[in-house]
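Please keep the model in view while reading.

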Amino acid sequence: MTVVEKRNIVIGTAGHVDHGKTTLIKALSGIDTDTTEEEHRRGLSINLGFAYMTLDDGTEAGIVDVPGHEKFLKNMLAGAPGLDLALLVIDANEGIMPQTSEHANILRLLGIENFIIVLTKVDGVDEILLEIVQEDIREQFQGTALAEAPIIATDALAEIGIDQLRAEITERCSQMTREASKLPPRLNVDRSFSVKGFGTVVTGTLVDGMIHVGDDMTIYPSGLQTRIRNIQIHEEDVEVAYPGNRTALNLTKVDVDEVPRGSVLTTAHLPASYMLDVNVQCLPDSPYALELWDRVHVHIGTQEVRARIVPIGAETIHQGETGYLQLRLEEKVSAKVGDHFILRSFSPLHTIAGGTVLDEDPQKHKRFNEEVIESLQVKESGDFGEIMIDFLRKETTGLTDERTISEELNIELPHVKELTGELIDQGKLYAFGHQVMAAEDVQQFTDRVQQLLGDYHDTYPIRSGMPLEEFRTKFKELAPKDLDALLKYVTQEELVASEDNRIRLTAFNPELEGEAREISDEIDATFREAGMNPPTPEAVIQDDQTRQEVFNQMIGRQLFRLDKYEYIHMSVYEDARAQVIQHLQRHGEIELATFRDMMDTSRKYAMLLLEHLDDAGVTKRVGDVRILREKE
């Protein structure tokens, strides 16, 4: 059953400096998000500000007031990820300004589609001017999600339109549902500070999963470990935070400078990578195209890092075009597939493009490699089944469990389980217990085994097969348990057989000719005549390589292995086994001495054979005698 928690909506304000975002938020929530002396003195927001309000339907809405001044745009970028609803604030007296358009572009590139356009400071503005401003807004945002967004005229100081705006926010939020994520929890840190008596505190929007008090977490990209001492949401202590919560976390075991803004808190394993493979959209009004080795600022999650861009499959990605890039980063980032990012030019600063992560830890690529381009196309397609197959084929070696797939591809575990079932039914995946492997990789393994053993049989036609130890050295890239599972598969498919610590193709039958045939006949006669008093292998092989190979070929056929160093003829074994069963059927039990005398052998060989019959389930030892196991 899907668990849907109480809705927790995050609203962000965006817009040009001094267009009234902070005043609007105070009118909606009663909270002043300009908290520093400098912000009050200068009359503009420098840092991210936070407020909250309870809507008429009980929805808890967190509000992020992001700075509008160009100098502080990186703070705006830190606050934008994780927003459910954006209020694009426009001063009715000034209309759309450069930063208004840039903020709108950033929000759209970050995947935000739910907007309300808020006209502020409308008190005293001529009605005709208001109409002109609204027409200009519709015209400039034509063809975007903002084109159909409602426009609400407000004036916070005159208390105009605030109730209407609250009602529109409530209506929009009532249509949103956020299911409790089955992914591991993940929070991008946008603020980090120290509180006297408590220690390190970080804030951010919980993107995935749930966080509980007492949870152990990892800080990326540093890899440091921490624990959640306390959780606050909207200034109240809680035991658990859900996806979408604006959350403050009190952390243990780390100093404030060890978890700076841009860090990621999670229980999942994340790579710390210097490269990202991404799809990208270059803005139509970007002053620059995307060209090889251009230096850019990358904003991802709440982190800002510089990078060089490497177009994949194209020389240049021009304004208004989409394409693929490999970002070569100057610092490590810890991102997930599907995360949004923004690119800004190095200098002067302009927002030029944005997109999503397709591979969070790639290898360096040749720019026009068709296989690489096809793989990126699959990742971009959104077909999770094909994405899973591509991931298993190109990013893994051996078998992979469903939880790893879920965490690496950022797909919830129940969906992964459903997909693997479908792909197995379609013959695109093979299941090995709770792990899977792409069918093409299984076929490649099978082909490789057949080629390897076929070549071995051609080189050593009288050997009974390749030693298993030698065979394993040919697959060092596979974990031993994965190789065992794959060997079991090819054995069940009757492609190979494994006997006496050797592996061979099932269809292989050693052909002994000439000297080898003579040696085989000689060894066969020697062991047949020796009965239950066989010679040692060393005495028969005589330190001769050909005799050794013939002897190995006879094991399991003419020769029966009693233990690692002792063999008897197969016919002798079958006769001894039959005599034991016959004696037990007549007398009910047999002692070691009786069997020894019956077979005219030594105590050693009598004991070895009886112990084998015990292991084979023919007999059972009870005290000093054996009985037929069937009589239990």
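The mean pLDDT of the protein is 87, and 92% of the residues score at least 70. pLDDT is the predictor's confidence in each residue, from 0 to 100. This is a predicted model: local features need pLDDT of at least 70, side-chain atom pairs count only at pLDDT 80 or more, and totals for chains, interfaces and linings use all residues. Residues are numbered from 1 along each chain as its sequence is written, and side-chain values use heavy atoms, with hydrogens and water left out.

| Segment with pLDDT under 50 | Contacts beyond four places in sequence |
|---|---|
| residues 1–6 | 10 contacts |
| residues 34–47 | 29 contacts |

Next, Asp91. This residue lies in strand 4 (residues 85–91). Strands (E, at least two residues) are DSSP runs, numbered from the N terminus. Asp91 has a relative accessible area of 3%, so it is buried (under 20% relative accessible area, 1.4 Å probe, protein chains only). A polar atom of the Asp91 side chain lies 2.8 Å from the backbone nitrogen of Asn93. Leaving out residues up to four places away in sequence, Asp91 touches Asp18, His19, Thr120 and Lys121.

Now the hairpin. Strand 26 (residues 429–432) and strand 27 (residues 435–438) run antiparallel, joined by four bridges. Leu429 has Ala438 in strand 27 as its bridge partner. Two residues separate the strands of this hairpin, and Gly433 in the turn has a positive phi of about 70 degrees.

How values were computed. Contact means heavy atoms within 4.5 Å. Buried means under 20% relative accessible area, exposed over 50%, partly exposed in between (1.4 Å probe, protein chains only). A polar contact is a pair of N or O atoms within 3.5 Å; within protein, one must be able to donate a hydrogen and the other to accept it, and residues adjacent in sequence count only if both atoms are side-chain atoms. Two strands pair if DSSP finds at least two bridges between them.
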